[in-house]
Every structure is written in structure tokens, then in C-alpha cells.
Amino acid sequence: MILHSQRELGPLNTLALPGRAARFARIDSAEALRDPQLSEGPRFILGGGSNLVLTGDIDRLVLHMAISGRRLIGEDTEAVYIEAGAGENWHDFVQWTLAQGWPGLENLSLIPGTVGAAPIQNIGAYGLEVGERLHSVTAWDFDKQADVNFSRDDCRFAYRDSLFKQEGWHLSGRMAITSVRFRLPKAWQPNCRYADVAQELAARGIGDPTARDIADAVIAVRRRKLPDPAHIPNAGSFFHNPVLDAAQADVLKRAHPGLPCYPQSDGHVKLAAGWLIEQAGWKGRSLGPVGMYEKQALVLVNHGGATGGDVRRTMAAVQASVREKFGVALTPEPIFL
């Protein structure tokens, strides 16, 4: 195990924000986590850095999860079971499953980040959340000095939430996810509920889509709307879509007839944060080097040279505008460190 000191983390977060780790180690295998050097002091587990706002230097040990590997581990009459290392690129992993003829994750194509980070945030897009396809998670528990396994139910998935966030393990560094197993049903059904995907398929003249067709449609939609972090640093969707009770949503809908509303199974209603931000005048608007993307108001971008403080100022200004216009509070998705 090689420990580095004062490691620059700018290249390891998709917002390209500056910050150095007091100590840093790249983790290429689950066994590496057993090294006694990693048991000392506070830690932070870093994946692809796509859900992170660095606010400065980090006075702790940063473990960059780079465990690779993906394989079929079994199947039964109902599903195939796939395992991937925590450091696998999420989009590459999804495309690999499709290439193997195992559909089920196509709606989550082109989401940035790693496989190991996916359960923590319970990533989701276009009518699917990763928790719906997850079978189990294996992690290293630094306190117990042992591997621990979590079933899908153990993970307590909710909207952009999980046990790992609820217990604060993603911030304390107590747990490091090493691998994730997925259950992909053999009785596959296309998920085209979201209008953007349905419209893209219609524009391509596809009435009976395959999983590959849906993945291609999702990729096309995301590329039109979202900037590539390699060219315009960003952390993807920056705010949660707010969830209100039905009565509150109805009041807002009457006042703002164009407001997109998505009824949830529990009776609540999810609103489109991007629409709220755009209507509040922030689409394409910047405050210093940080602003909301010109093609999708939900995405906060770094136009160059931004710091974590710049991100906080723009975030607060957007939240204030939306609260003043709609009376709705926006909550950021990324972790602030």
C-alpha cells in the first residue's frame, strides 16, 4: 500500500474544484483495505467524484476506490445475477451488461460515477432507480475489520437515499463498498414512461424498442441536455426534485399551470427542480465562475477557476430565488466536503 501526502484532488472530481487530501491511497483490491495503515484517523471514500463539492483541503485519509471486475455469478428461471467491482465506471458497466444480452439497466445509461457509489445515492433516471435492480452489496467495515454484506432490503433505499447515507457512513468513511451484485429479470419489459425517452424513440421511428434502443435514446437525450464534465466541469443534476404532499402540489399547479408534476406511489408528488430553477431565471445565468447550464437549468457548472465557496454562493442564490417565487426549498444532491 502506497500512501501519498497532500494529493491534489482537482482531477478526481467532475466539478474540477481545487483541494488536497492530507493522505491519499488508491484501492485496487478489496484485500488492500485490510492494510493497518488505513485504520488510523478519519477517512473519506472517493469514487468517480461526480457527486462531490470540494470546499477546500481535506484533513483526512482519502481512499480512491478503483476495484475493477465484472462477471456473471449465476442465474435462475427468473433472473441473471451480475457482480461488479466498486471502481468500475457505471456507464461502461451498463453498456457491458447490454452487450452480454442482459437488459434491465438501460435507463441508467450515461450516469457519471462508479458502481460502488451507485447504491449510496440510489442513482436514478428516466423511471428507474438502481435499488430496483440491486441484489446485494459487499463492503469492508473498518470498525469491525471484516467484510459485511447487505441485501437489497438491508439497504433501505428511498429517493436518492440509502442506509449508507442514513447512517452517515458515506461521510465518516466507516464503510467502503467493494462490490455490488445486480439482479436483472429475464422477463424484461421496456420502460419508456418518461416523455423525453418516448419522444426520442418516436423520432427514430421505433415503436417496439429493445433495451439497446432505449439505452441509445437515453444517451442521446442526456447528451443534448447535459454537459460532458471533460469539457464543462459539472456534477450532473445538482438539486433533488422536491417531493410535496398532494395538496401542496395542487396549490402550486393551479398557480403555475405549466409546472411538471409526477405523482408517486405513496401519494406524494414530485416536482421538476429544473423547471423551477428555469422559471426563477437561472437557466444559463452565472454568479462569478459558477452558473446553471444553458441547456438544462438543473445542472450547475464551473466555467473555470471556481472554488467550493463559489459553488456555495451560486447554490444559495438559486435556492433563494426558487423559494421566493414558489415557496419550495431545494436540497443539493452532492456531498459537500
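Which residues do ring pairs link into a cluster with W90? Ring pairs join W90 with F93, W96, W102 and F182. The legends below describe a predicted model, in which local features need pLDDT of at least 70, side-chain atom pairs count only at pLDDT 80 or more, and totals for chains, interfaces and linings use all residues. Residues are numbered from 1 along each chain as its sequence is written, and side-chain values use heavy atoms, with hydrogens and water left out.

**Figure 1. Aromatic pairs around F182.** Rings of Phe, Tyr and Trp (for Trp, the six-membered ring) pair if their centres lie within 6.5 Å; planes under 30 degrees apart count as stacked, over 60 as edge-to-face and the rest as tilted. By this rule the count comes to 13 aromatic pairs. One of these is the tilted pair of W90 and F182, with 5.8 Å from centre to centre and 55 degrees between the planes. This pair links distant parts of the chain, as W90 belongs to helix α1 (residues 90-99) and F182 to strand β12 (residues 175-185), 92 residues apart. Helices (H or I, at least four residues) and strands (E, at least two) are DSSP runs, numbered from the N terminus. W90 is buried, at 0% relative accessible area, and F182 is buried at 1%. Here buried means under 20% relative accessible area, exposed over 50%, and partly exposed in between (1.4 Å probe, protein chains only). The rings of F93 and F182 have centres 5.2 Å apart and planes at 35 degrees, so this pair is tilted. Because F93 lies in helix α1 and F182 in strand β12, the pair ties together parts that are 89 residues apart in sequence. F93 and F182 are both buried.

**Figure 2. Helix α9 and the largest nonpolar core.** A nonpolar core is a set of buried Ala, Val, Leu, Ile, Met, Phe, Trp, Tyr and Cys residues joined through side-chain atoms within 4.5 Å. The largest one holds 44 residues, of which F239, L276, I277 and V322 touch the most other members. Helix α9 (residues 308-326) supplies the largest share of this core, five residues. Contact means heavy atoms within 4.5 Å; leaving aside residues up to four places away in sequence, V322 touches L276, I277, A280, G327, V328 and L330. Apart from this core lies another, of 41 residues, which includes L98, I123, W169 and I177.

**Figure 3. The buried side of helix α9.** The 19 residues of α9 reach 27 Å from the first C-alpha to the last, close to the 27 Å expected at 1.5 Å a residue. The expected span is 1.5 Å times one less than the number of residues in the helix. Buried in α9 are G308, D310, V311, T314, M315, V318, Q319, S321, V322 and F326. They cover an arc of only 165 degrees around the axis, which puts them on the same side of α9. The arc is that of the directions from the helix axis to the C-beta atoms. After α9 comes G327, whose phi is positive, near 70 degrees.

Figure 4. A salt bridge is a side-chain nitrogen of Lys or Arg within 4 Å of a carboxyl oxygen of Asp or Glu, and the structure holds 21 of them. Because E200 lies in helix α5 (residues 195-203) and R224 in helix α6 (residues 211-225), the pair ties together parts that are 24 residues apart in sequence. E200 counts as buried, at 10% relative accessibility, whereas R224 is partly exposed at 48%. R254 forms a salt bridge with D250, with the closest N and O atoms 2.2 Å apart. Both R254 and D250 lie in helix α7 (residues 246-255), four residues apart, about one turn of the helix. R254 is exposed, with a relative accessible area of 57%, and D250 is partly exposed, at 39%. Salt bridges that share partners join R71, E83 and R181 into one network.

**Figure 5. G74 in strand β6.** Strand β6 (residues 70-75) contains G74, which is partly exposed at 24% relative accessible area. Not counting residues up to four places away in sequence, G74 touches V80 and Y81.
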